Amino acid sequence: VLVAESGGDSVQAGSSLRLSCVVAGGTFSESHMGWYRQAPGKSRELVAGIHSDGVTTKYAEFVKGRFTISRDNSRNTLYLEMNALEPSDTAMYYCNAVTPGLGAIMRPSWGQGTRVTVSS
């Protein structure tokens, strides 16, 4: 399975970005997926997860109300709409699978990620 994340950029606080993740191979439409992030010097953490059917979602407390996860199974693509960005959102963002309960799975294989930098 190959993933390609994109959409990251350097923006000012309060700005918006939309991240995309295209997944090739595997069975995307049957996979529960999530966005993770890793800030410099910190561990990777789960930001948001979405059920394979695209209906059930779950968010980390620090992004609730600001970020929206969605997916297009016809395009094998996962999205993360990020609004009201804060400097603390600065990180590399990755997509990967999550558990059926939309929890984190720290798999050994990750994509290149896409960098988000938010300045104040």
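This is a predicted model: local features need pLDDT of at least 70, side-chain atom pairs count only at pLDDT 80 or more; totals for chains, interfaces and linings use all residues.
# Reading an aromatic cluster and its sheet

Biologist: Which parts of the chain does the pair of Y36 and W110 tie together?

Modeller: Strands (E, at least two residues) and helices (H or I, at least four) are DSSP runs, numbered from the N terminus. Y36 lies in strand β4 (residues 33-38) and W110 in the loop between β9 (91-97) and β10 (114-119), so the pair ties together parts that are 74 residues apart in sequence.

Biologist: Is Y36 buried or exposed?

Modeller: Buried means under 20% relative accessible area, exposed means over 50%, and partly exposed lies in between (1.4 Å probe, protein chains only). Y36, at 0%, counts as buried, whereas W110 is partly exposed at 22%.

Biologist: Which residue forms the other aromatic pair with W110?

Modeller: Y94 pairs edge-to-face with W110, at 5.9 Å centre to centre and 75 degrees between the planes. Y94 lies in strand β9 and W110 in the loop between β9 and β10, so this pair ties together parts that are 16 residues apart in sequence. Y94 is buried, with a relative accessible area of 9%, and Y36, Y94 and W110 form one aromatic cluster.

Biologist: Where does a charge sit over a ring?

Modeller: The rule asks that NZ of Lys or CZ of Arg be within 6 Å of the ring centre and within 35 degrees of the ring normal. The charged end of R71 sits over the ring of F28, 4.4 Å from its centre, and R18 lies over the face of Y79, at 4.0 Å from the ring centre.

Biologist: How many strands does the chain have, and what is their order in the open sheet?

Modeller: The chain has ten strands and zero helices. Two strands pair if DSSP finds at least two bridges between them, and six strands make an open sheet in the order β2-β10-β9-β4-β5-β6, with mixed pairing. At its edges stand β2 (10-12) and β6 (57-59), each with a single partner strand, so one side of each is left without a neighbour in the sheet. β2 and β10 run parallel and are joined by three bridges; V11 has V118 in β10 as its bridge partner.

Biologist: What does L80 touch?

Modeller: Contact means heavy atoms within 4.5 Å. L80 is found in strand β8 (residues 77-82) and counts as buried at 0% relative accessibility. Leaving aside residues up to four places away in sequence, L80 touches residues including L17, W35, V47, F67 and Y93. L80 and V47 are 33 residues apart in sequence, yet 9.6 Å apart in space, C-alpha to C-alpha.

Biologist: How many of the contacts join residues at least 24 apart in sequence?

Modeller: Among contacts in the chain between residues at least 6 apart in sequence, 55% join residues at least 24 apart.

Key:
Residues are numbered from 1 along each chain as its sequence is written. Side-chain values use heavy atoms; hydrogens and water are left out. Rings of Phe, Tyr and Trp (its six-membered ring) pair if their centres lie within 6.5 Å; planes under 30 degrees apart count as stacked, over 60 as edge-to-face and the rest as tilted.
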